[in-house]
Amino acid sequence: MTDDLLARHRAVLPSWMPLYYAEPIELVSGSGRRVTDAQGRSYLDFFGGVLTNMIGYDIPEIREAVERQLATGIVHTSTLYLIRQQVELAEKIAQRSGIPDARVFFTNSGTEANEAALLVATNHRRSHQILAVRNSYHGRSFAAMGITGNRAWSASGLNPLQVAWLHSGDRVRGLLARLSADEQVDAAVEDLREVLATQTAGDVAALIAEPIQGVGGFVHPPDGLFAGWKKVLDEHGILFIADEVQTGWGRTGEHFWGYQAHDITPDLLTFAKGIGNGFALAGVVGRAEVLQAVPAISFSTFGGNPISTAAGNAVLDYLIAHDLQANAARVGAILADGLRSAVGGLDCVAEVRGKGLMLGVEFVRPGGGEPDPALTNRVFEAARDGGLLTGKGGLYGNVLRMGPPLTLTEEEAHEGLAILVDAIRSAAGVAQ
Ligand SMILES: Cc1ncc(COP(=O)(O)O)c(C=O)c1O
């Protein structure tokens, strides 16, 4: 059955769209944090459709909000007409963004959100120079690929922007990895000054950064790096764009937004993935004077439509009512502590990192620290065999990624942890 679907998939869909697993699976139903495939096998889901099923599957509050909207007969009106749910959601996001005098523009995807952020930043600053971070991923449009610092995920060399690259703050590899956290921040800030002086004309539009790099394997800099950078940027009037597509809405546990670990306020913030819990909803929020720097009509047919914003309001209300940020901190700690104590000391594990319910394990060959994507893949397949879906990532494909729904329970965390630890130990050939 699935084999036939796989053959049909391969016959009509492009080969550059990756499918997970040696034997790809079709997920046909879901409830809470569990999904079932077409063979009837059920899995605990620690990847949530790439951190997008943020509340989980088949959540009545979200389903009912969408059904209420469907029942009105209005699925779409276009933004030429007032959309009540859109205004309500924009009010909530503006208020929670931490950005003063905020405006919100809704799109359908994270790519479009970043594209919109780049549009307003470059217009506002009258410059097409951008600072981006090595090992980043920001999407698949030409501008978003142009600021993506990961060759495997940047499918074209064509670039409408002039981009200069900063260090990621990676604690495992790269030139600054040997330094202590404070030294690394100082070095990265010094590097920013040098990049500005040597690789730009000075009048740069913006710096864009993910607080925790998603596709990049959950690499994140020491807390405070963004503040160090922002001090320099402010001397030049350069804007700061926080790409919160993966880190937003309390996922990091300690904060509602990833940028808050750095004690800054960004000029622009982009969001996507989790806010729709699967419905296509994304956007950019920014200071009015920046976000309104658009000298012509800019219009998204589907952006912020009645269905997706009905879902978005229900997601945000659920998230706040159930304090899922606190849950991410509490349940994430079970996973992080459990992984560190069970496998953190293995020679093949370079780092267990991340925050809240955004956790990665980086695998290396024992000894030299060379990335080990083959081992990562064995762990990934073994976890699936054990009934757990995870993600993969990192510049070298050697990071296992966990981004479960923020509703994950303590029991589920323990259950998933046991599967993960078994998968890692068996794939690494460690006696159980
Ligand atoms: C940090 C980040 N920004 C932007 C994007 C692009 O979002 P989308 O795939 O919705 O266009 C992604 C997608 O994975 C992402 O992780």
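In this predicted model, helix α3 covers residues 60–71, 12 residues in total. From its first C-alpha to its last, α3 reaches 16 Å, close to the 16 Å expected at 1.5 Å a residue.

**Helix α3 and its surroundings**

- The residues Ile62, Ala65, Val66 and Gln69 of α3 are buried.
- Viewed down the axis of α3, these buried residues fall within an arc of 90°, so they line one face of the helix.
- An α-helix has 3.6 residues a turn, so residues three or four places apart point the same way.
- Arg68 and Ala71, on the other side of α3, are exposed.
- The cover over the buried residues of α3 includes two further helices, α4 (84–97) and α10 (306–321).

**The ligand site**

- Which residues surround the ligand? They are Ser109, Gly110, Thr111, Asn114, Tyr137, His138, Gly139, Glu210, Asp243, Val245, Gln246 and Lys273.
- Threonine 111 has a polar side-chain atom 2.5 Å from an oxygen atom of the ligand.
- In the side chain of glutamine 246, an N or O atom is 2.9 Å from an oxygen atom of the ligand.
- For lysine 273, an N or O atom of the side chain is likewise 2.9 Å from an oxygen atom of the ligand.
- On its own the ligand has 390 Å² of accessible area, and the protein covers 84% of that area.

**Arginine 33**

- Arginine 33 is located in the loop between β1 (27–31) and β2 (34–37).
- Is arginine 33 buried or exposed? Its relative accessibility is 14%, and because buried means under 20%, arginine 33 counts as buried.
- The side chains of arginine 33 and threonine 407 are joined by a polar contact of 3.3 Å.
- Leaving aside residues up to four places away in sequence, arginine 33 touches Tyr43, Leu44, Asp45, Ile55, Pro405, Thr407, Leu408, Thr409 and Glu412.

**Helix α13**

- Helix α13 (residues 410–427) has 18 residues, which should span 26 Å at 1.5 Å a residue. The end C-alpha atoms of α13 are 25 Å apart, which agrees with that expectation.
- Glu412, one of the residues touched by arginine 33, is among the buried residues of α13.
- Just after α13, glycine 429 adopts a positive phi of about 70°.

Terms used. Residues numbered from 1 in each chain as written. Predicted model: local features only at pLDDT ≥ 70, side-chain atom pairs only at ≥ 80, totals over all residues. Heavy atoms only, no water. Helix = DSSP H or I, 4+ residues; strand = E, 2+ residues; numbered from the N terminus. Expected span 1.5 Å × (residues − 1). Buried < 20%, exposed > 50% of the residue type's maximum accessible area, 1.4 Å probe, protein only. Arc of directions from axis to C-beta. Contact = heavy atoms within 4.5 Å. Near = heavy atom within 4 Å. Polar contact = N/O pair within 3.5 Å; in protein donor to acceptor, adjacent residues only side chain to side chain. Areas by Shrake-Rupley, 256 points an atom, 1.4 Å probe, with all protein chains shown as cover.
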